[in-house]
Structures are given as structure tokens and as C-alpha cells.
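The following note concerns aromatic contacts and strand pairing. Please read the points alongside the sequence and the coordinates.

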Amino acid sequence: MAAHRSGPLKQQNKAHKGGRHRGRGSAQRDGKGRLAVKTLSKKVRKELSRVDQRHRASQLRKQKKEAALAEKRQLGSKDGPPHHVLVVPLHSRISLPEAFRLLQDSDTGTVHLREWGGTGSFMLLCPRLKHRWFFTSAKPGDLHTVLDMAKVADTILFLLDSLEGWDSTGDYCLSCLFAQGLPTYTLAVQGVSGLPPRKQIDARKKLSKAVEKRFPDDKLLLLDTQQEAGMLLRQLANQKQRHLAFRDRRAYLLAHTADFVPSEESNLVGTLKVSGYVRGQTLNVNSLLHIIGHGDFQMKQIDAPMDPFPLNSGVIKFQKDQGMAMEICATDAVVDMEEDLKVLMKADPGRQQSLQSEVIPDPMEGEQTWPTEEELSEANDLLKQNCKMVKKVPKGTSSYQAEWILNEEGESGGEGDEYDDTEHEDFMEEESQDESTEEEEKEECETMTIGESVRDDLYDEKIDEEAEEKMLEKYKQERLEEMFPDEVDTPRDVAARIRFQKYRGLKSFRTSPWDPKENLPQDYARIFQFQNFTNTRKRIFKEIEEKELEGAEVGWYVTLHVSEVPVSVVEYFRQGAPLIAFSLLPHEQKMSVLNMVVSRHPGNTEPVKAKEELIFHCGFRRFRALPLFSQHTAADKHKFQRFLTADVALVVTVYAPITFPPASVLLFKQKSNGMHSLVATGYLLSVDPDRMVIKRVVLSGHPFKIFTKMAVVRYMFFNREDVLWFKPVELRTKWGRRGHIKEPLGTHGHMKCTFDGKLKSQDTVLMNLYKRVFPKWTYDPYVPEPVPWVKSEISSAVPEVDPE
């Protein structure tokens with residue numbers, strides 16, 4: 001019997017696909033121990049259970065809490081440096097001596113009065129709180145002192161007025177401090193107790209509302225009685241510390257005493273002995289030292305004298321070379337410091353960093369061999385052949401037409417020149433006669449002022465007319481730059497191919513190639529450049545965190561022997577200014593190109609032009625330079641800006657010593673009266689000489705005759721040779737058309753141009769030309785002291801209006 005066979009029309013059902021719904025066990029059985037490729041290539045991740053995750057999070061919280069407590073306990077303790085508190089009064093009505101009197105309470109601790117830098121500073125030792133404070137003060141009008149002291153202060157104590165909080169000078173000081181970066185700060189109000197009891201609550205509410213703009217979440221403490229001063233000290237001791245990145249990675253020191261030992265060769269240069277407490281990081285004697293406002297120096301040795309202000313008056317501590325502390329019971333109050341002086345570290349010439357800041361360029365590097373006498377004679381013969389022949393031609397003749405005029409020997413120029421000269425002489429005679437008649441008429445008339453008040457005369461005496469004219473011209477240029485960006489008039493006395501010979505055309509500003517090593521200036525041979533700046537910065541910062549350095553530890557009282565220091569540094573300190581020193585990281589003494597991102601300060605309304613002298617506060621440095629402004633973009637080319645714009649962040653480019661970011665940047669402009677005005681604030685972007693700043697010049701022309709897709713353009717050039725020279729450059733219009741020059745017409749600069757569409761009669765034809773610009777070598781580390789800001793001087797900048 002034959003078996004049944006299904007026909008061709010039998011229904012064929014799809015097989016069941018169980019892979020999508022099967023469990024993990026069936027998938028493992030089918031896989032037979034094989035693993036996916038992605039699982040093998042990735043690192044094995046150890047997945048923690050939920051309990052382990054909670055345990056790890058609690059451990060991290062505990063570690064952070066312990067680190068914060070250890071830092072808080074070390075600051076101001078017997079093993080750490082004194083708690084440096086900078087007191088800044090923000091109003092002219094605040095009494096700084098009264099505030100110091102309240103803080104200098106004998107019940108709180110021992111007070112050591114001494115003049116540091118001419119200010120009434122004092123050291124407060126409080127064994128009961130196991131804390132020691134070092135109080136200094138700075139007036140908000142003294143800008144350099146406030147900013148420099150804020151760089152090294154642990155806490156800033158702002159004293160506010162009970163009615164207004166701060167005045168215009170205090171507000172300007174706060175703007176600068178916020179831009180530089182604030183350490184830990186506390187707000188204290190003075191004068192509330194002097195108000196009637198009913199008005200005290202209202203005054204505190206109004207003041208809290210006024211302070212919310214600058215300090216939204218901060219409490220106001222009172223400073224009118226001894227009890228309130230004690231509460232303020234407890235707040236300062238228990239406050240969590242805020243960090244400034246540019247000082248946490250460097251060792252720094254505020255000078256308590258300074259002595260100068262002149263050298264044998266000259267009395268103007270010698271060794272400076274600076275004593276103070278080490279802060280930040282361990283200070284190595286082989287590193288360089290930067291004294292703010294004076295430059296970079298080398299250290300000879302570091303001494304470890306006894307601490308003059310120990311927390312326990314019966315125990316004096318000093319450090320040995322091994323870093324161990326010894327305790328000596330002091331029977332007398334006066335201790336001979338020279339007998340107990342210990343040399344901690346001496347500089348090693350083989351490991352000490354060099355002060356070389358610039359590369360000494362070799363002018364013969366890359367130079368070809370000197371040409372022979374035959375080559376020189378051939379070059380002279382070629383110059384004689386190519387020298388231009390002088391001809392006398394009629395006026396208005398172009399160089400192209402002059403080539404067709406033959407100059408016969410023995411003949412003078414054409415008669416047209418003689419006629420033109422006589423005609424010009426007659427015109428000059430007529431003009432001189434007209435001027436003489438005008439002078440006679442002026443002599444007959446008298447000038448007199450009518451109705452000028454005495455107040456107007458006094459107001460005019462304070463105005464500098466030359467400065468007013470210059471400022472008016474700047475405002476006009478800034479306005480023209482906003483209306484017609486980068487547009488330049490083609491000169492008529494100089495050929496455009498000569499005037500713009502350093503410029504080039506680009507098909508696309510964004511995508512067209514431009515070699516960053518092309519046509520570099522001579523100053524680029526003097527600077528240093530990193531192969532990879534980001535990797536170098538990461539490596540140095542990693543060494544700071546992981547590697548243990550030899551030297552003076554944080555909190556030690558040391559004496560630094562700084563070599564080759566001018567005598568002006570110690571004179572500056574004796575006049576009352578603070579002396580602050582920062583240790584430099586590797587390569588930070590070398591010159592390079594710094595790029596900083598800045599935004600214009602809203603309080604500044606005057607135009608700031610590129611290549612105008614500005615004063616820089618970059619991190620711990622202060623210097624003068626003439627910067628370039630450029631757009632802040634992610635492209636490889638950045639367009640040059642002629643003015644500092646108010647609404648967009650720009651990049652400032654200068655030659656300056658290398659500084660590793662992060663670092664804050666403040667730009668000041670010195671006025672004619674000596675005051676420094678805050679212009680812009682920002683941060684350090686990078687150290688990159690290859691960042692290209694490209695200047696754009698736009699030449700404009702007007703369509704004379706318009707055809708379908710062709711037009712005759714004039715007023716862009718004024719001779720035929722310029723049209724032929726710039727023929728390869730692409731044209732564009734303000735209404736979006738693109739085209740190119742087809743041929744010149746005539747000899748007066750008219751040209752036939754083709755476009756991708758029909759032009760409008762009111763359109764303007766433009767040509768973009770580009771060249772790379774570089775900053776000028778104008779770095780100057782010595783900045784003159786500014787005139788202090790006074791409230792009357794600030795208000796005098798705003799003209800008063802007579803109500804009548």
C-alpha cells in the first residue's frame with residue numbers, strides 16, 4: 001500500500017520562534033558556555049549589591065567629613081598656620097579701630113600688636129578655643145592691597161553699615177573680589193545697637209533684603225559688643241573653608257618680617273630674608289619664587305626659626321631638618337632667635353630651576369650659505385634692468401598709458417604740465433588773497449562771551465578737551481564698527497595690491513586650510529611651546545597630589561633667603577604694602593602666548609580698543625600688556641575683534657609667563673587721573689601659540705550697471721592693476737549673492753562681475769580679505785600703584801544736573 005504524500009498546495013506553517021521568550025537557563029544551555037564578544041572585550045565589572053552600595057556611599061561621606069574636620073582643625077591650631085582673617089570695611093561710616101578693639105579682648109586670649117605692612121594688624125592667641133588668628137585690614141579704595149591680600153587670606157570679614165550696607169567704593173571692591181574668586185567670607189554689621197530699639201528690627205530686615213543681591217544665603221552677624229565679638233570668633237573658627245584653585249596647588253607666604261642684606265658688588269641688589277608661615281603646599285628651596293608686583297627670583301636656603309607666636313606660651317616649637325618638632329620650655333619672654341636658628345634646606349645648583357624666561361634665538365639658524373660675489377653682481381645687474389624710468393607726462397596719466405609715451409632726449413615734459421603749474425600758482429595766489437581778506441574781516445570783529453555762569457567755568461576747568469576729543473573719536477569708531485563690521489575704504493593714494501599685500505582670500509573662513517606655522521613673527525622664536533599642554537598640566541598636577549616633596553611643611557614658620565632681589569622690594573614693604581610670595585610650578589617662569597576668556601564688566605561703558613594698554617590680574621600675577629581680542633569659537637581660526645563687545649565673551653591674547661589654569665582674570669584700564677577702572681573679568685583658557693587670530697578686511701563696491709547675472713561694479717578699486725591682482729578672490733553681496741570678477745573695464749577700477757543671481761540696485765558688493773595677526777611684545781611685570789578710589793571721585797564721573 002502506497003504512503004500518502006502531501007501535494008504542492010499543502011499549507012506550510014511557520015516554525016515557533018522561542019528565542020525571544022525563553023528563559024536564562026535555556027539560553028545558557030544553548031550557548032554551551034560561550035560568551036559574547038562585547039562581554040569579553042569589556043573590563044569585568046564588579047556589581048555590588050544594594051547593601052554594599054549603601055555601605056560604600058556611607059564610607060565616602062565619612063571620609064569627606066573627616067577630611068573637612070581635619071582641615072578645619074589644622075587651620076589656626078598649634079600645628080597649622082594662624083587663621084588669617086582680612087577685615088574689609090565696605091562703607092565710609094564704619095569704624096575699623098572700634099571693630100579691632102572689640103576683637104582684641106583680653107578675656108578671649110593674648111593679643112600681640114605689631115605693624116605688618118603699615119596696617120594695624122594683630123595676632124590673637126586663644127588657648128581656650130585652641131585657635132590663633134591673624135587679623136589684617138585693607139581699605140576698599142586701595143585696590144591692589146585688597147586683591148593681593150584676598151589671594152592669601154583664609155577668611156574675609158566684610159564690615160557692613162547698618163543703614164546702607166555698602167557705598168559705591170565698597171560695591172566696586174566687591175565686584176573685583178567676586179571676579180577674582182572669594183575665599184571663605186563672613187558678613188558683620190556695625191552700628192545696629194546705636195539705633196533706637198524699635199528701628200533695629202526694621203534696619204536688619206532692610207539690610208538683609210539689600211544684601212540678598214550679592215550674598216543670597218548668608219547670615220548677618222552683629223559686631224557692637226564684646227559678646228557679639230566672641231560669637232563672631234566662634235563662627236570664624238568653625239566655618240567650612242572654601243578653596244581657590246590657583247593657590248591650593250602652590251606654596252605661598254605672607255611676609256611678617258623682611259630684612260635686606262646688600263651684596264658685595266652693589267647696594268641696589270642683595271639677599272632678601274622673608275619670614276612667615278608656609279601655606280598651601282610644601283615649599284621646596286629649589287623651586288622659583290614669585291613676589292607679586294616684583295617678578296621671579298631664586299632661593300638660596302630656608303631657615304626654620306622658632307615660632308614667635310606659639311599657641312601655648314610656655315612651649316616654643318621649631319622644626320628640625322627631619323621634619324620632627326622639638327619642644328623647649330621658655331623661661332624668658334624674649335628668646336634669642338639667632339641661637340636657635342636651624343637651616344632647614346639649602347639650594348642644590350644641579351636641581352634648582354632656572355630663571356630663563358625667553359629662548360635666545362639664533363639669527364643664523366636655518367639660514368642659507370652666504371652668496372658669492374658672482375651671485376651678488378648678477379643681482380645688481382638685475383636690479384639695474386628692472387629699475388623704473390622717470391618720465392614727465394600730462395596730469396591724470398596712468399602708469400599703463402605712460403608706458404606708451406616716448407621720452408625723447410633733450411626734450412622736457414609735455415606743455416600740459418607747464419600750463420597746469422601756472423594755473424595751480426594762480427589758484428594759490430587767489431586763495432592767499434581770500435585768506436588775507438578773511439583775516440582783515442576777523443580783525444574788525446570782536447568776540448565776547450555772553451551769559452556764562454561761574455559754575456559752568458568751574459565745570460569746564462575739570463574737563464580735559466584732548467581726552468574728550470579722543471573719547472569721542474573712539475565712540476565714533478565703535479559705532480561704525482557695529483554698523484559696518486570690518487569694512488575699510490580702499491585708499492586712493494596707495495595701490496590696493498600694496499596696501500593689502502599681506503592679506504589673502506579664502507573660499508570659506510571655517511573650512512579653508514591655514515598653516516599655523518606659516519609666516520611667524522620674530523617674537524615667536526623667543527617663546528616656549530608645549531607639545532601637548534593639557535597632558536603636561538595633568539602630569540604636573542598629578543605629581544603634586546601623589547609625590548611627597550621635600551621642604552618646609554604647611555604651617556611652619558620659616559625664613560626664606562631670596563637672592564638677587566632689588567632694594568625697591570623691601571622699601572615697598574616698609575612703606576606699608578604687603579609682601580606676598582608664591583612658589584612657581586615647573587615652566588611657569590617661561591614666556592608663551594596666553595589666551596583668556598573675558599566678558600565686559602557691566603559697569604564699564606567706555607569703548608576699549610584692541611592693542612590698548614590694559615592691566616592684568618591673572619591668578620597670582622599682575623602685569624601690563626597690549627592684548628588682541630578675538631571671537632571665542634571651537635573652530636581652528638578665530639576672527640579678530642577691533643573692540644571689546646559688551647554682549648559676547650571674547651578671547652584675549654597676550655605674551656605673558658606660563659600659568660597653568662584654572663586661574664581668574666581681571667582686566668583694568670588706567671585712567672588719566674591714575675585710577676584703575678575694571679574693564680572685563682574672566683578666566684584663563686589655555687597656553688597655545690598656535691591659536692590663530694585672523695583679521696578680516698571688507699572692501700565694498702557699488703553696482704554701476706546691472707544686467708541679468710552680470711554687473712559693472714565701481715569704487716572697490718581705482719586702477720586696472722588692482723582689479724587684475726584681486727581677480728581670483730570671490731565676491732559676495734549684503735543680500736546673499738556670490739560671484740567673481742570677470743574682467744576689468746577701463747583704467748579707473750571699473751570691473752565686470754558675474755553673480756549667481758540678479759543684483760538689486762540697492763545692494764552692495766563686498767570682498768573679504770584675511771591675514772593672521774599676532775600680539776605685540778609689551779609684557780611689563782611692574783604695574784604702578786593706582787590712585788585710591790574715593791566716593792567723591794566716583795560720583796564726580798557722573799555729571800550733576802541743576803534742578804533749575
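1. Rings of Phe, Tyr and Trp (its six-membered ring) are taken to pair if their centres lie within 6.5 Å. In this predicted model, the structure holds 23 aromatic pairs. One of them joins Phe 530 and Phe 533, a tilted pair with 5.4 Å centre to centre and 55° between the planes. Phe 530 and Phe 533 are buried.

2. The pair of Phe 623 and Tyr 779 is tilted because the ring planes stand at 50°, with the centres 5.2 Å apart. Phe 623 belongs to strand E20 (residues 621-625), whereas Tyr 779 lies in the loop between strand E31 (765-773) and helix H19 (791-796), so the pair ties together parts 156 residues apart in sequence. Phe 623 counts as buried, at 1% relative accessibility, while Tyr 779, at 21%, counts as partly exposed.

3. One aromatic cluster is formed by Phe 158, Trp 166, Phe 178, Tyr 185 and Phe 215.

4. Two arginine contacts with rings deserve mention. Arg 492 lies over the face of Phe 718, 4.6 Å from the ring centre. The charged end of Arg 526 sits over the ring of Trp 777, at 3.8 Å from its centre.

5. Strands E28 (residues 730-733) and E29 (residues 738-745) run antiparallel and are joined by three bridges. Their hairpin has four residues between the strands, and Gly 736 in the turn has a positive phi of about 95°.

6. E29 also pairs with strand E30 (residues 750-755) in the antiparallel sense, over six bridges. In this hairpin, Gly 746 takes a positive phi near 75°. Gly 739 of E29 stands opposite Leu 731 and opposite Phe 755 in E30.

Conventions
Residues are numbered from 1 along each chain as its sequence is written. This is a predicted model: local features need pLDDT of at least 70, side-chain atom pairs count only at pLDDT 80 or more; totals for chains, interfaces and linings use all residues. Side-chain values use heavy atoms; hydrogens and water are left out. Two strands pair if DSSP finds at least two bridges between them. Helices (H or I, at least four residues) and strands (E, at least two) are DSSP runs, numbered from the N terminus. Rings of Phe, Tyr and Trp (its six-membered ring) pair if their centres lie within 6.5 Å; planes under 30 degrees apart count as stacked, over 60 as edge-to-face and the rest as tilted. Buried means under 20% relative accessible area, exposed over 50%, partly exposed in between (1.4 Å probe, protein chains only). A charge sits over a ring if NZ of Lys or CZ of Arg is within 6 Å of the ring centre and within 35 degrees of the ring normal.
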